[in-house]
Amino acid sequence: MVVNFPPDFLWGSSISSYQLEGNNFKSDWYFYEKEKHLEEAGQAVDYYNRFREDSSLAKELGHNALRLSLEWARIYPTKHDIDEESLKHYKNLLIDLNDKGLKPLVTLNHFTLPFWFVKEGGWVKPDSVDYFMKYVVKVVKDLKSYAHIWFTFNEPLVYIYNGFLIGRWPPGYKSLSLGLKALKNILKVHSLAYREIKRIYGEDLCLVSLTKHMRIFSPCYYFNFGQNNFLAFLIDRVFNFSLMDFFCNHKLLDFIGLNYYCKEYVSVGNFLFGKECKLPHHEGWKNTLGWFIFPEGLYEILIKLKRYKLPIIITENGTSELNNADYARFLYAHIRSLAKALNEGVNVKGYFWWSLLDNFEWDEGYKHKFGLIEVERRTFVRYIRPFAFIYKKICEENAIEI
Ligand code: BGC
């Protein structure tokens, strides 16, 4: 059976500034990589200079949209100075996308922060709200004619978890109380930014949201099944749905931005109320990062999201595999799950593969390859991966066989 997607369905891929642009010397990650002796982002895939070539490739691959982010630290390299050149760069980038028929979806903050902001205390300090709002007002006013879909934050809970609870990402804290303080300011600033962006657009069309990472949490069934089952239920409530409930109850999202990748096995742990079970006894399809690939999970989550009665865009879904067959298998299986949910009345408006190009995978460096397009690290030459042509066909036909 062939499932046709709605005529205005958005097909594209997602990227983020720090992971692709290169040379973001003013961002917190730049200093963190050095301090922790991590593999450095360096020139990344030089997207900053090659965005025209890359948007042409996206177009060639059947996209009609691209989700990207702006680097706050480029626009505000210091607390008081605006770098007008960087703003002009982003304006040109958005014009180029529009000219090529690619609708831009713009994220204001995809994890990375200006280094000066972190030195001032970052999200923990109440001032953080004013600094971020200053940036929001400036860029939205300047770029409003070129983009109509905005995200304030990418995956706030993933950021808090990695940066404040387990200390794996900057600022590298392991403190629940600091994490809660930071989260409180992020929630506050989302609400303010949501209203401010709407005010700036006035009567003009504009949609505002944030992207939410969701996972399937399954109990580890080897030991303590009863307890693990309860913990999996609890983590699902807290991690997947607490923010959604908050934002939807307060009418602070125009649609839901869903990032979905995998399933995680939960077992009794000493951190908070559970931990990921990493023992080797779980079998199944794992990608190069060891994530359990579970395409049915996308369908399950979409069905659960129906209750919010908001349109949904799948803002990230993708994998890093060792061979083309597995990329293709992942792509088909997830788009089939999406098609099944659409058939059951879930209002999905778009699908974005993570990522257009191979890129810097945070503390994991460059060894994982999420791109529809492979990038040769030394020369920056781009090579389209074969499975990307399968995606192109789906995008262009706006349909899939299930
Ligand atoms: C993040 C990306 C990241 C991807 C793969 C997403 O949750 O938004 O920045 O590269 O996952 O790990």
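Predicted model: local features only at pLDDT ≥ 70, side-chain atom pairs only at ≥ 80, totals over all residues.
1. Helix 8. This helix spans residues 156-165. Nine of its 10 residues are buried, so helix 8 is largely enclosed by the rest of the structure. The buried positions are Pro156, Leu157, Val158, Tyr159, Ile160, Asn162, Gly163, Phe164 and Leu165. They pack against strand 5 (149-154), helix 9 (176-201), strand 6 and helix 10. Just after the helix, Gly167 adopts a positive phi of about 65°.

2. Helix 8 against helix 10. The axes of these two helices lie 10 Å apart and cross at an angle of about 130°. On the helix 8 side, the contact is made by Pro156, Leu157 and Val158, which meet Val238, Phe239, Ser242 and Leu243 of helix 10. By class, this contact has six nonpolar residues, one polar residue and no charged residues.

3. Helix 3 against helix 5. Helix 3 (residues 47-60) and helix 5 (residues 84-99) pack with their axes 10 Å apart, at an angle of about 10°. The two helices are therefore roughly parallel to each other. Helix 3 contributes Tyr47, Tyr48, Phe51, Arg52 and Ser55 to the contact, and helix 5 contributes Ser86, His89, Asn92, Leu93, Asp96 and Leu97. The residues of this contact divide into five nonpolar, four polar and two charged.

4. Spacing along a helix. An α-helix has 3.6 residues a turn, so residues three or four places apart point the same way. This may be kept in view when inspecting the contact residues Tyr48, Phe51, Arg52 and Ser55 of helix 3.

5. Helix 11. In this helix, residues 296-305, the buried positions are Gly297, Leu298, Tyr299, Ile301, Leu302 and Leu305. Their cover includes strand 6 (207-219), strand 7 (256-267), strand 9 (312-317) and strand 10 (348-354), together with helix 10 (225-249) and helix 12 (324-343). Strand 6 and helix 10 also pack against the buried residues of helix 8.

6. Glu296. This residue is found in helix 11. Glu296 is partly exposed, with a relative accessible area of 44%. Between Glu296 and Arg336 the C-alpha to C-alpha distance is 9.0 Å, although the two are 40 residues apart in sequence.

7. Cavities. The structure holds four cavities of 30 Å³ or more. The largest cavity has a volume of about 60 Å³. Its lining consists of Leu113, Val118, Gly121, Gly122, Trp123, Tyr159, Phe164, Pro171 and Tyr173. Among these residues, Tyr159 and Phe164 are also buried residues of helix 8.

8. Second largest pocket. This pocket holds about 270 Å³ of space. Its lining is formed by Asp8, Leu10, Asn64, Lys103, His148, Ile149, Leu205, Leu207, Phe255, Pro311, Ile313 and Lys349. Seven of the lining residues are nonpolar, two are polar and three are charged. Asp8, Lys103 and Lys349 are in the lining, and both Asp and Lys count as charged.

Terms used: Residues numbered from 1 in each chain as written. Heavy atoms only, no water. 1 Å grid on protein atoms, 1.4 Å probe; cavity = no way out; pocket = protein on both sides within 12 Å on 5 of 7 lines; lining within 4 Å. Points joined across faces, edges and corners; volume = space filled by probe spheres on them. Axes fitted to C-alpha atoms, helices over the stretch in contact; angles between N-to-C directions. Helix = DSSP H or I, 4+ residues; strand = E, 2+ residues; numbered from the N terminus. Parallel < 35°, antiparallel > 145°, perpendicular 65-115°, else oblique. Contact = heavy atoms within 4.5 Å. Buried < 20%, exposed > 50% of the residue type's maximum accessible area, 1.4 Å probe, protein only.
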